[in-house]
Amino acid sequence: MIRRLYRLWPNPKLLARLWALTAAQAVLQGLLLALLIPILDAVIRPEPDVGAATPWLVLGAVGALLYAVLSVVATPVGFAASGTLAAQLRRRLMRHVSTLTLGWFTADHKARLARAVTADVGNAAHLAVTIGGPVITSTLLPATIVVVTFAVDWRMALLLCVIALVAYLALRRAARIAEITEIELERAAAGVASRAIELGQAQPVLRAAGHAEGTPQMRAALEDHRETYRDGMRRARRPFFIYTGVIMAGFVAVLALTAELLLSGRIEVATAIVLLVLAARFLEPLGNLIELIGALRALRNQIARVEELLATPTLPVPAEPVRRIAEADVEFSDVTFTYPGGDTPALKGVSLRCRAGTTTALVGPSGSGKTTVTRLIARFFDIDSGALRVGGVDVRELDPGTLLDEIAIVFQDVYLFDDTIEDNLRLARPEATWDELREAATAARLDEVIERLPAGWRTRVGEGGAQLSGGERQRVAIARAMLKRARVVLVDEASSALDPENEAAITRAIANLGADPGRTVVVIAHRPATLAAADHVVALDGGRVVEAGTREELLRAGGAFARLSSQYERARHWRIAKADR
Amino acid sequence: MKRSRSQPPGLAGPGALLRLLAPIRTHLAVCAVLSCLSAAAGIVPYIAVAEMARLMLDDPAGSRTAIWTWVGVGAAGAGVWLVLFVQSSRVGHYADAAILHDLRVRIVTHLGRLPLGWFRAAGSGKVKRAMTGDLEEMHEVIAHALGQLVGATTVMVVATGYLLFVDVRMALVVLGVLLLTGIFFRVSMRSMTAHMDRLVTADARISAASVEYADGIQVVKTFGTGGRVLRRFDDAVDEHTRAFAAWVAEVRHSSAASRLFGSEMTVLAAVTAAGLALVDRGLLGVADLVAFLVVAIGLPNSILPAVTAAQGVRKGRMGAANIERLLARAPLPEPANPRTPGGHGVEFDRVSFSYDGVTNAVEEISAVCPPGRVTAIVGPSGAGKTTLASLLPRFYDVSAGSLRIGGVDVRSIPSAQLLASMSLVFQDVALLRDSVAENIRIGRPGAGDAEVREAAEAAHVHDVIEALPDGYGTLLDASGGGLSGGERQRLTIARAILSGAPIVVLDEATAALDADSESAVQEALANLTVDKTVIVIAHRLHTIAAADQILVLENGRLAEQGRHDELLVRDGLYARMWAAQEGVLA
């Protein structure tokens with residue numbers, strides 16, 4: 001645990017200092033208690049002689065002063081540690097994540113990242129500081145007392161050793177059972193949570209079906225949670241009971257042993273009293289340990305989540321990467337690729353070539369591998385076999401920065417930063433002149449959108465671009481690609497969620513993109529107009545290229561593409577009312 | 001329920017917690033009493049140690065029996081402590097499980113009465129938070145904080161009582177130390193709220209920056225703007241560090257002081273110094289000093305749990321306030337004199353609606369959608385299409401005017417009946433975590449397997465279902481269990497077909513689909529809409545060119561109305577939209 005915490009922070013000195021201070025305090029505490037031995041010895045006489053204890057009292061005063069100094073020194077160190085550790089770990093996490101491939105950023109991973117970077121790091125840093133102290137004190141203080149007790153009476157010391165050992169075993173068991181219970185409780189809680197989400201999403205359906213008061217499944221999930229909770233608590237209570245029982249039995253054993261030793265005349269009264277005081281101070285912190293296991297477990301879980309993120313491997317970077325490409329051709333030769341965790345390949349033996357200055361349209365049913373092709377070009381993932389070359393260079397040999405410099409991506413869900421339109425465009429080229437900005441906006445048909453916006457170029461687009469419609473956001477992305485002068489542009493055309501105006505504008509904008517003789521455009525096409533404008537059409541099905549050629553060639557061939565086209569045609573002429581009207 | 005509804009919304013403070021916990025008052029009281037007794041019993045072993053020491057100092061040989069008696073008393077105290085403690089925790093957890101369950105049921109029931117528009121605005125996240133996070137914070141209070149507070153208080157009272165009994169002067173020394181601790185603690189906590197606010201804000205900024213980075217990662221990476229966005233993150237982290245440092249700078253001394261005075265060692269030093277001074281002057285017996293060494297030194301530690309518990313209570317109050325606010329949200333009014341519609345025609349009669357009470361999202365719209373006919377709603381984004389359609393199932397109630405089905409105002413129709421009379425097919429498909437068959441059957445609970453299958457066939461999804469590992473018995477999870485968007489959509493259409501509801505509301509139902517799944521969904525829709533009163537929101541005009549009636553909205557108002565041909569002739573907004581779209585398709 002300590003090692004794991006230590007590894008987590010790039011600069012663990014702070015944590016080490018804090019823990020060293022705490023450990024010193026715990027040992028000092030034990031030693032100060034040991035001073036009670038000679039002091040009590042001096043006063044437990046028929047005639048109490050405080051004077052005889054003076055040297056010890058002086059020593060005690062010095063010790064107490066030292067303790068006070070340590071206390072005062074440790075407090076700001078602790079504060080600073082929890083603040084600095086959180087900041088350090090947050091930076092480390094983000095730096096690591098920024099080296100990960102684009103393919104890593106799934107919704108699930110993003111949610112995990114957000115959680116790790118805020119709650120987990122914050123809590124872990126806080127707990128490492130606040131729990132570290134008590135844990136160290138609760139173990140080192142009893143240990144010191146045991147050592148001291150050996151100097152007084154070996155039998156009592158042995159008894160304390162036995163108590164500590166049994167307590168340790170009971171604690172381990174309690175921790176294990178608590179962990180199992182927690183897992184079960186989390187499962188039940190997750191059940192409630194997902195039913196709650198369902199309740200929120202499917203409310204109209206549920207009400208229409210007469211389930212306004214919750215479905216039987218919802219009720220069952222709630223019942224399950226209650227029962228799991230009760231059951232878990234019942235089971236977790238036992239080891240807790242046992243641990244505390246061990247401590248209490250130890251207490252009674254100490255009382256009995258002291259009474260026996262004294263009454264049988266094997267120890268003096270003074271010794272007996274010292275033993276009682278020491279044993280009481282030994283048992284109390286030991287008993288507190290059980291209160292800490294919950295927090296320790298939480299800390300362990302938080303660390304585990306952060307560690308998991310930090311352990312995500314980055315894409316390998318070649319030792320001597322290629323930093324320039326001549327032409328922006330894209331070429332797949334016999335590429336096979338399976339998504340991490342998937343069992344069937346998303347692409348099987350795919351070969352295709354997109355020449356600079358041309359527009360290639362990818363078509364095929366959903367799941368055919370269109371999106372995978374574009375993702376691989378941008379190196380979201382590395383291929384399993386075959387070769388994928390951009391500008392004649394294997395993408396794995398290219399400097400990742402160089403590759404991304406050449407590429408612009410226009411996906412269906414375009415994310416915009418909560419900034420002005422101008423800033424969102426300038427991302428592509430911060431030093432762009434106004435003329436260049438306007439030119440890009442015009443080519444992307446964004447000019448008419450900007451004209452309509454309340455503050456024109458200075459309109460803020462809201463978080464994620466919420467102020468703009470999906471089609472308008474795509475036009476921003478296309479304008480960025482223009483401005484960036486990216487030589488490879490990957491477009492995932494919005495399938496159909498567009499109003500006529502946006503549809504027309506985007507088709508025009510994509511055509512404008514393809515007009516540059518040096519640019520390679522790869523577009524996942526959903527609209528006949530886009531297909532018509534493409535120089536080259538590649539039809540995919542089940543991860544394989546089934547047809548490739550010009551649109552006319554494929555239509556004549558009467559294969560998969562022709563079938564797909566007629567489906568498009570049918571969808572296009574579909575009317576919601578009956579055909580006879 | 002009635003009581004909480006009469007509470008003004010937004011009421012927080014301890015009241016919400018107490019009110020929500022009212023049903024388990026008795027359990028909580030028992031739990032508190034048990035905690036109190038167990039804590040008192042827990043001190044007995046320490047007192048036994050002190051008393052044994054007294055006897056030993058007095059006359060060990062002569063008090064053999066008395067010494068063993070105290071060993072017995074100590075053992076009994078320990079045993080009683082243990083048993084009572086476990087009992088108190090059992091009662092607490094029992095009541096906790098019961099109240100959490102009851103509150104969840106209350107929340108679910110109440111949600112079932114809220115206007116559907118609330119779900120659209122708040123999202124399922126808010127439902128989830130109320131059902132899990134907020135309740136768990138209340139759980140902390142019931143299961144842990146209460147017992148800890150009562151226990152710590154009892155220990156303080158009983159131990160202080162014993163110490164006062166042993167020696168008043170020494171007891172006052174100990175209390176003095178504890179008082180100083182308390183004062184310094186209060187000082188260090190004084191400005192906590194202000195600093196907490198700043199820290200929470202900084203936390204939110206860190207979270208937002210990391211989410212922004214991850215969401216915009218494609219832009220970040222392909223435009224090499226990682227540095228800029230990371231800087232935003234770094235700034236947020238720096239601000240957090242600064243906020244934290246500011247707080248620390250202010251409380252550094254006070255909290256160091258409270259830590260120092262609250263430590264065992266300070267009590268030990270005070271007790272030893274004062275005690276020996278008194279012993280030296282013959283004013284205090286050694287036995288009394290030992291009593292203080294045994295009982296007083298542990299006191300600071302036994303107060304600590306109360307501090308954590310107090311923080312737990314604060315959080316619990318916030319959770320309770322959130323829950324109460326949700327429960328206090330006004331339900332959709334149910335009609336006092338429910339009426340049954342006399343048909344399936346829909347009539348908008350000068351309907352206006354405003355989300356914020358300031359600007360109207362739809363304004364003064366009048367139109368009649370005859371039964372069994374198709375009415376299309378079209379218009380640019382933001383024109384109010386979706387808003388208008390969502391007034392029909394009463395996602396929201398009209399601000400002015402009236403919306404009637406079969407001549408009856410929708411507000412006069414019991415909401416379950418109203419919803420059962422229409423099928424809603426939206427872009428965002430809501431599937432239940434249940435089997436495929438049940439997902440269809442929910443359209444008409446009680447329908448037989450053959451009917452479910454028939455509906456699936458009509459929705460062109462039967463073959464897809466048969467290909468699933470367990471066919472109709474396949475369990476779907478939240479993400480739809482490997483079904484594509486179009487297949488999920490067809491599943492909801494099968495549900496709608498099974499329900500046979502006479503009114504169908506379609507909102508961009510095929511908009512988010514690939515062309516290949518689109519045609520299958522279209523065929524399914526064709527089967528769904530036969531002889532129904534259809535209200536369809538469309539972006540792609542060709543799909544509704546054959547509609548019986550087209551309502552063209554612009555800025556919340558009805559700009560044009562008529563059939564496709566009529567509207568083209570008129571050469572207005574619709575004609576322009578049509579021309580733009582055909583221009584693309586041509």
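Which residue in the turn of the hairpin formed by E4(B) and E5(B) has a positive phi? The residue is B:Gly406, with a phi of about 55 degrees, and two residues lie between the two strands. The model described here is predicted. Chain A and chain B meet in a contact that takes 122 residues from chain A and 135 residues from chain B.

**Chain B overall**

- Chain B holds 21 helices and ten strands.
- The radius of gyration of chain B is 35 Å, whereas the globule rule gives 25 Å for 586 residues, so chain B is more spread out than a compact globule.
- The C-alpha trace of chain B spans about 115 × 55 × 50 Å along its principal axes.
- Buried residues make up 52% of the 586 residues of chain B.
- If contacts in chain B are limited to residues at least 6 apart in sequence, 79% of them join residues at least 24 apart.

**The four-stranded antiparallel sheet of chain B**

- Four strands of chain B form an open sheet in the order E2-E1-E4-E5, and their pairing is antiparallel.
- The edges are taken by strand E2 (362-369) and strand E5 (408-409) of chain B; each has a single partner strand, so one side of each has no neighbour in the sheet.
- Strand E1 (residues 346-353) and strand E4 (residues 400-405) of chain B run antiparallel and are joined by five bridges.
- Opposite B:Ser402 in E4(B) stands B:Asp349, while B:Ile405 in E4(B) has B:Val346 opposite.
- E4(B) also pairs with E5(B), in the antiparallel sense and over two bridges.
- Within that pairing, B:Arg404 has B:Asp409 in E5(B) as its bridge partner.
- The hairpin with B:Gly406 in its turn is made by these two strands, E4(B) and E5(B).

- Strand E8 (residues 533-537) of chain B has five of its five residues buried, so the strand is largely enclosed by the rest of the structure.
- In a regular strand, side chains alternate between the two faces of the sheet.
- In E8(B), B:Thr533, B:Ile535 and B:Ile537 point one way, B:Val534 and B:Val536 point the other way, and all are buried.
- One parallel partner of E8(B) is strand E3 (residues 374-378) of chain B, paired over four bridges.
- Strand E7 (residues 503-507) of chain B also runs parallel to E8(B), and five bridges join the two.
- B:Val534 is the bridge partner of B:Val374 and also stands opposite B:Val504.

**Helices of chain B**

- Helix H6 (residues 168-190) of chain B has 23 residues and reaches 32 Å from its first C-alpha to its last, close to the 33 Å expected at 1.5 Å a residue.
- The buried residues of H6(B) are B:Met170, B:Val173, B:Val174, B:Val177, B:Leu178, B:Thr181, B:Phe184, B:Phe185 and B:Ser188.
- An α-helix has 3.6 residues a turn, so residues three or four places apart point the same way.
- B:His110 belongs to helix H4 (residues 64-111) of chain B.
- B:His110 has 20 C-beta neighbours inside 10 Å and therefore counts as buried.
- The C-alpha atoms of B:His110 and B:Leu327 are 6.5 Å apart, although 217 residues separate the two in sequence.

**Domains**

- Chain A is assigned domain 1 (1-153 + 294-313), domain 2 (154-266) and domain 3 (330-572).
- Between domain 1 and domain 2 of chain A, the centres taken over C-alpha atoms are 25 Å apart.
- The contact of these two domains takes eight residues from domain 1 of chain A and eleven residues from domain 2 of chain A.
- On the side of domain 1 of chain A that touches domain 2 of chain A, helix H6 (132-152) and helix H10 (269-310) of chain A each supply at least two residues.
- H6(A) gives the most to that side of domain 1 of chain A, with five residues.
- By type, the residues of that side of domain 1 of chain A are four nonpolar, two polar and two charged.
- Chain B is assigned domain 1 (1-166 + 303-332), domain 2 (168-283) and domain 3 (346-585).
- For domain 1 and domain 2 of chain B, 25 Å separate the centres, taken over C-alpha atoms.

**Contact between the chains**

- The contact takes 122 residues from chain A and 135 residues from chain B.
- Helix H9 (residues 216-263) of chain A provides the largest share of the side of chain A that touches chain B, 19 residues.
- That side of chain A divides into 72 nonpolar, 29 polar and 21 charged residues.

Key:
Residues numbered from 1 in each chain as written. Chains lettered and ligands numbered in written order. Predicted model: local features only at pLDDT ≥ 70, side-chain atom pairs only at ≥ 80, totals over all residues. Domains from an automatic or database assignment. Contact = placed C-beta atoms within 7 Å. Nonpolar A, V, L, I, M, F, W, Y, C, P; charged D, E, K, R; others polar. Buried ≥ 20, exposed ≤ 12 C-beta atoms within 10 Å, placed from the backbone. Pairing = 2+ DSSP bridges. Rg over C-alpha atoms; globule rule 2.2 N^0.38 Å. Expected span 1.5 Å × (residues − 1).
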